[in-house]
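Please work through the following exercises with the structure in view. Each task is followed by a solution in steps.

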Amino acid sequence: MARSLTLVPVIATPPSSLFTFNRLHHLPSPYSPSGVLRATAKRFTFVTKSKSVTTMAAVQEYPGNLKRQVEKLFDASLRSTVPDETGVETEVTASLPGKPGDYQCNNAMGLWSIIKGKGTQFKGPPAVGQALLKNLPASEMVESCSVAGPGFVNVILSSKWMAKSIETMLIDGIDTWAPSLPVKRAVVDFSSPNIAKEMHVGHLRSTIIGDTLARMLEYSKVEVLRRNHVGDWGTQFGMLIEYLFEKFPDTESVTETAIGDLQSFYKESKSKFDADPEFKEKAQKAVVRLQGGDAIYRKAWTKICDISRAEFAKVYQRLRVELEEKGESFYNPYIAKVIEELNSKGLIEESEGARVIFLEGFNIPLMVVKSDGGFNYASTDLTALWYRLNEEKAEWIVYVTDVGQQQHFSMFFKAARKAGWLPESDKAYPRVDHVGFGLVKGEDGKRFRTRSSEVVRLVDLLDEAKTRSKTALIERGKDKEWTPEELDQTAEAVGYGAVKYADLKNNRSTSYTFNFDQMLSDKGNTAVYLLYAHARICSIIRKSGKDIDELKKTGKLALDHPEERALGLHLLRFAETVEAACANLLPHALCEYLYELSERYTSFYSVHQVIGSAEEASRLLLCEATAIVMRKCFHLLGITPVYKI
């Protein structure tokens, strides 16, 4: 059973050339005229000004993560306030819009419940909050603090410090804001089409979500092994090979063109398998010969796999997804050894002729060897997990499939814990997670299909998005302003980006309705709106005539007005957003951040003149910082930015 696809990080062993698709290179400068693309509690308040002495430990340890830096300060305060309570975790959250402060420490109430029976000097949560404030190390990043309600400590950050932090990023680069995760190597298992079947819209979510998770982890300095667990092994290959022999006695001459539509080829072979007992017997014998290593059957199997891969490549090229294939067949030689290990640990029992693992909490056992002695999906998955833990030394393994497979993953994860491969806690490392996602639905609320009830081919869907995007650009007269290459590149970036963003902006566990008109709209929370917003920022910078790289070195950024400060604060929350999206495996959090960033920028630009204003240099730097963060968001979402509209 197919499941996953993977991108290969730079530090991993390169995959075959067939499966490597590099992103755009040699693109024009973003600011050159020709540039189009690039890659209700009672309240009281106590306010104090922080001292001018600087505490730099938090800044040095978490240079780009604002929340982590605030947590570090409160961690020191907690140690001073209640030195005997070493197990207390710091609770810091970003303040909600309209609430006082930028960040809030919420430890007071929980801390009071721990210490109130221990002869403490404190008289209640508010007093604990005041003590936390008093013991907060002095830091240039803090402008002021206040205690409100039952001990909430509100923190207002220094606008000067915020501005300086953004200036530093502009010089040192956005990668200095990358979050730091507690793992060094991870496997992301996603996409996973079946050999001899077309990739259809059902593979869209796994491929897009998996790619974004891999990108976010890679940005966070994790080595990601992008694994494409294709369905390239099993009983169906007997019927496919025999049908291939019937139609093409000279298998050496078989080409993709000769076979034609793989989906039709599969259906034809399946129909013959179901209707012709003689053919069925041949197909069953073919499986034995294939799995026994017969050279002729192996060659035919390889031919079918290669033709399928060429079709898959068309999708991955359009989506700009890099991947390394390790399909079901790769793990086949290891299965017997893994089954024997599980058996030696007393986990495997006989049940109705099959070999199974009984698991507490489940009504059915996990079958690992079928009654005919054959292996199945569970045996392959357990073996792949064993390989990833022992051979590839992965600390975090993420599986991206539809929610319908949740029980399977829960069962085989539990079996792995029973075998001692994984810790009992599902949050401890090495760690496994199933990233489930909902359906892609049509306008009728049912699974997205063509009018003839066929599943929608992914290549056709992506091409349709590009065509519609190009038509919209031509209607706006861009074919007369741009070169054909610029028009085609922009149509591709906007069309494919629209499809990706329309998927990623939804909580992955829910289903969503596929609608070209909505996703290609230039209004609201769409990729088109966001890409155009980025292009407008780039246009402002170009029209200024300023050398933005030189301005980064000589200019000073100020966040003196409320809209400037709100935009600056949101920029500085980028790292913590990415970290949370990684930790929770929820890409839509990054989409929400990006859309809000665009809205914050619009609020700023609608009331503050940039070009020709007394604050031109500062505001151009704020524009540039916004564009840089937007581009990094686009990159993490697998979307190519546009620079002209």
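**Exercise 1.** Determine which helix gives the largest share of the lining of the largest pocket.

*Solution.* Step 1. The largest share, 6 residues, comes from H23. Helices are DSSP runs of H or I with at least four residues, numbered from the N terminus, and strands are E runs of at least two. The model is predicted: local features need pLDDT of at least 70, side-chain atom pairs count only at pLDDT 80 or more, and totals for chains, interfaces and linings use all residues. Residues are numbered from 1 along each chain as its sequence is written, and side-chain values use heavy atoms, with hydrogens and water left out.

Step 1. The largest pocket has a volume of about 990 Å³. A pocket is an open set of points on a 1 Å grid over the protein atoms alone, where a 1.4 Å probe fits, with protein on both sides within 12 Å along at least five of seven lines; lining residues have an atom within 4 Å of a point. Grid points are joined across faces, edges and corners, and the volume is the space filled by probe spheres set on the points.

Step 2. Of the 35 lining residues, Lys67, Ala94, Arg573, Glu576 and Thr577 are the closest to the centre of the largest pocket. The elements that give two or more residues to this lining are H2 (66-81), H22 (562-572), H23 (574-584) and H24 (588-607).

Step 3. The largest pocket lies between domain 1 (66-157) and domain 4 (458-637), because both give residues to its lining. These bounds come from an automatic or database domain assignment.

**Exercise 2.** State what links the side chains of Arg205 and Asp503, and whether each residue is buried or exposed.

*Solution.* Step 1. Arg205 and Asp503 meet in a salt bridge, with N to O at 3.1 Å. A salt bridge is a side-chain nitrogen of Lys or Arg within 4 Å of a carboxyl oxygen of Asp or Glu.

Step 1. Arg205 lies in helix H6 (residues 204-219) and Asp503 in helix H18 (residues 484-504), 298 residues apart, and the pair links distant parts of the chain.

Step 2. Arg205 is buried because its relative accessible area is 1%, and Asp503 is buried at 0%. Buried means under 20% relative accessible area, exposed over 50%, and partly exposed in between (1.4 Å probe, protein chains only).
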